[in-house]
Amino acid sequence: GSVWLTAKTLAGTGTIRANGGFRGVGQETRGGAGGRVSVMLTEAGADPATFGGKITAYAYLNTATGRPNVSECGTVYLQRGGEQLGCGTVVVANDPLSPATNFIGTLLPSATAVRELRKATLVIRAKAGVRLLADLVVKDIRLEDATSRLDLDGKVLSIRSSYRDYSADREKILNAGEWQGGEKPGYANVKWGVPGLAIFFR
């Protein structure tokens, strides 16, 4: 499922979610994947980050058994007031209670919208992963913790940002071609673009 919210501002608490659901008895570890959430604010200075609640599109988690997820996380698109359409942040994150990293990986880009992330920042965190279905172009990318994963699956990731050394975090990136040393070490399938923007691997 999906949630599409456009408002001047977003305040208060509560939950906006399109989480994966329970599939049925005997299928406890095969719940549904997360859906898509879009929150776009229009008032100058408005920021979804100030919302006191949660905005999630988690993969299904069986909290009763504590079994790992075998479904994908969804995506959460957050756009601040003043940002142009498509220039916000796409977050792929799992339930913090999940006992294992979701190595299945959310599949990007969408087959019907291969260019939709060209102006957006992609954030992967909280035991979540992304696996590429095709070559992908993003404005920026952040792998925010030790449990985030990015599987290029032999595809090419082009980042419209200036180069930043990510040698210490190379284990987070899978199937990205040969690791190349030199002045700007990195994977062969990770390309860097326009100078002046930053990419952060934490």
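## Cores, pockets and salt bridges

R131 is partly exposed, with 27% of its relative accessible area open; on this scale buried means under 20%, exposed over 50% and partly exposed in between, using a 1.4 Å probe and protein chains only. Before going on, note that this is a predicted model, where local features need pLDDT of at least 70, side-chain atom pairs count only at pLDDT 80 or more, and totals for chains, interfaces and linings use all residues. Residues are numbered from 1 along each chain as its sequence is written, and side-chain values use heavy atoms, leaving out hydrogens and water.

**Salt bridges**

R131 pairs up with D153 in a salt bridge, with the closest N and O atoms 3.7 Å apart. The rule here is a side-chain nitrogen of Lys or Arg within 4 Å of a carboxyl oxygen of Asp or Glu. Because D153 sits in the loop between β12 and β13 while R131 is in strand β9, the pair ties together parts 22 residues apart in sequence. (Strands are DSSP runs of E, at least two residues, numbered from the N terminus.) D153 is also partly exposed, at 35%. The count of salt bridges comes to seven, among them these:

| Pair | N to O distance |
|---|---|
| R80 and E83 | 3.0 Å |
| R125 and E144 | 3.1 Å |

The R125 and E144 pair links distant parts of the chain: R125 belongs to strand β8 and E144 to the loop between β11 and β12 (149-151), 19 residues apart. R125 is partly exposed at 32% relative accessibility. Salt bridges with shared partners also join R125, R142 and E144 into one network.

**Nonpolar cores**

A nonpolar core is a set of buried Ala, Val, Leu, Ile, Met, Phe, Trp, Tyr and Cys residues joined through side-chain atoms within 4.5 Å. The largest one has 28 residues, and L122, V138, I141, L150, L152 and L157 make the most contacts inside it. Elements giving two or more residues to this core are β6 (89-93), β8 (121-125), β9 (129-132), β10 (136-138), β11 (140-143) and β13 (157-159). There's a second, separate core of 15 residues, including L10, V37, V39 and V76.

**Pockets**

Pockets come from a 1 Å grid over the protein atoms alone: each is an open set of points where a 1.4 Å probe fits, with protein on both sides within 12 Å along at least five of seven lines, and lining residues have an atom within 4 Å of a point. The largest pocket has a volume of about 600 Å³, where volume is the space filled by probe spheres set on the points, joined across faces, edges and corners. Of its 29 lining residues, A49, L78, T89, V91 and R125 are the closest to the centre. By class, this lining divides into 14 nonpolar, eight polar and seven charged residues. Ala, Val, Leu, Ile, Met, Phe, Trp, Tyr, Cys and Pro count as nonpolar, Asp, Glu, Lys and Arg as charged, and the others, Gly among them, as polar.

The second largest pocket holds about 410 Å³. It has 16 lining residues, with R36, S38, Y77, V90 and E116 nearest its centre. Strand β3 gives the largest share of this lining, four residues. S38 is in strand β3 and counts as buried at 15% relative accessibility. Leaving aside neighbours within four places in sequence, S38 is in contact (heavy atoms within 4.5 Å) with V3, W4, L5 and Y77.
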